[in-house]
Amino acid sequence: MSVSERNLKRSRVAKQLSAKERMGMLKEYASEFLSAKHYIDTGFSIQEEAREIKMRILQLFNATEKDWQNWRWHLKNRIADAKTLSKIIKLASKEIEKINQVSEIFRWAISPYYVSLMSPTDIWGPIRRQSIPSILELYDHSGVDDPSAEEDTSPVEAVVRRYPDRLIINATNQCATFCRHCQRRRKIGKQDYSVSKGKLKEAIAYIKENEEIRDVIITGGDPLLLSDGTIEWLLSELSQIEHVEIKRIGTRTLATLPQRITDNLCKIIEKYPPVYIVTQFNHPREVTPDAAKACDKLIKAGAVINNQTVLLKGVNNSPHVMRVLNHELLKIRVQPYYLFQAKPVRGTSHFITSIKEGLEIMRALRGHTSGLAVPQYVVSAPGGLGKVPVCEANIWQDGNGGILLKTWEGKYVSYSF
Ligand code: SF4
């Protein structure tokens with residue numbers, strides 16, 4: 001062996017040694033998550049538990065498998081009283097009293113499907129926390145009804161516009177399950193309603209008159225609780241406006257009522273491309289085989305699905321839970337898109353984490369997992385000034401214990417929680 005060959009071999013061996021050392025380090029980084037993830041439930045790992053609760057619900061309502069597959073049956077039989085709920089999952093008598101107390105102020109209702117995802121025994125479980133009223137809702141004195149000032153950024157009744165080229169249409173206040181952390185809980189009110197055709201026509205007229213609007217988000221409430229006819233009318237009207245390039249539908253039914261994704265709905269979505277579905281999965285327990293099937297149908301119909309998780313104390317404010325959630329979403333072809341700092345909505349402050357905690361979760365994701373599994377962490381700036389991406393590089397102390405955010409317009413606003 002020549003001297004140069006010997007040197008080459010030596011350098012190769014040295015590189016391999018250093019690579020092995022690096023691999024050991026990478027394995028060590030991964031090991032904590034690998035052991036933690038076994039303790040995190042997903043919608044796939046709880047299938048047996050969920051099936052048992054489903055059977056209990058069917059028996060209670062004297063219903064059939066066919067009913068269970070029918071989204072209208074779920075809507076008609078949303079569970080909205082503590083006594084009925086206590087026949088399905090364990091509730092302490094004190095808890096029943098508290099739920100009744102809260103329901104005098106804040107409405108609640110849970111789809112039977114979403115109830116089937118609850119742990120029968122864990123009273124602090126993530127599905128329960130997101131859907132069963134908590135007495136803490138009544139102790140919140142800091143939250144406001146409309147933290148994003150939607151009412152001040154509404155040029156016509158059904159429209160909210162915060163950006164130059166896009167806007168939202170609020171088409172209904174109905175939801176399959178009323179999330180306890182909802183940013184629009186002021187709209188939930190006392191009863192369900194759909195926005196009248198006249199108001200929707202006004203919204204369409206506004207979009208027609210404003211040629212800079214290229215992206216329209218239909219939201220609510222949950223617009224997929226509208227009839228197929230209304231959804232088709234809206235998509236068809238928007239598709240006829242030349243300057244509207246994309247339509248988005250904001251829905252949480254993929255997590256709370258996947259039965260809503262029927263063949264007929266998919267046919268409608270397929271007819272009016274491009275349609276983006278913006279959904280909200282907050283915990284891996286919500287990523288079930290039924291949700292996967294619904295996503296698959298939408299994707300086959302040509303829709304693109306993005307997820308907006310809300311960072312919620314006691315639900316998903318853990319780096320490991322967040323990582324499992326995003327991995328589970330990618331497996332069902334849903335792209336983690338935003339991680340929202342929960343807004344200071346009246347009755348929800350017990351869900352709000354600190355920005356510091358959100359940043360720590362983001363740090364634990366970046367590099368430790370694929371970029372595809374890392375959403376953008378955003379705060380909605382007060383006063384309807386839009387979303388602000390949050391990372392160490394773009395926030396400053398405001399001198400009053402809060403932080404200073406720089407909005408997309410270059411305005412500085414204080415934010416504290
Ligand atoms: S589905 Fe959406 S609009 Fe309805 S309660 Fe939940 S977060 Fe609010």
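Tutor: Gly221 lies in the loop between strand 3 (215–219) and helix 11 (228–239), where helices (H or I, at least four residues) and strands (E, at least two) are DSSP runs numbered from the N terminus. The peptide bond leading from Gly220 to Gly221 is cis, with omega near 20°. This is a predicted model, in which local features need pLDDT of at least 70 and side-chain atom pairs count only at pLDDT 80 or more, while totals for chains, interfaces and linings use all residues. Residues are numbered from 1 along each chain as its sequence is written.

Now let us turn to helix 15. Helix 15 covers residues 319–331, and its 13 residues reach 18 Å from the first C-alpha to the last, close to the 18 Å expected, the expected span being 1.5 Å times one less than the number of residues. Among its buried residues are Val321, Met322 and Leu325; a residue is buried if 20 or more other C-beta atoms lie within 10 Å of its own, exposed if 12 or fewer, and partly exposed in between, with C-beta atoms placed from the backbone.

Asn316 sits in the loop between strand 6 and helix 15, and Asn316 counts as buried because 25 other C-beta atoms lie within 10 Å. Beyond residues up to four places away in sequence, Asn316 touches several others, including Val321, Met322 and Leu325, contact meaning that the C-beta atoms, placed from the backbone, lie within 7 Å.

Just after helix 15, Arg333 takes a positive phi of about 65°, and Arg333 is partly exposed because 13 other C-beta atoms lie within 10 Å.

Key
Two residues are in contact if their C-beta atoms, placed from the backbone, lie within 7 Å.
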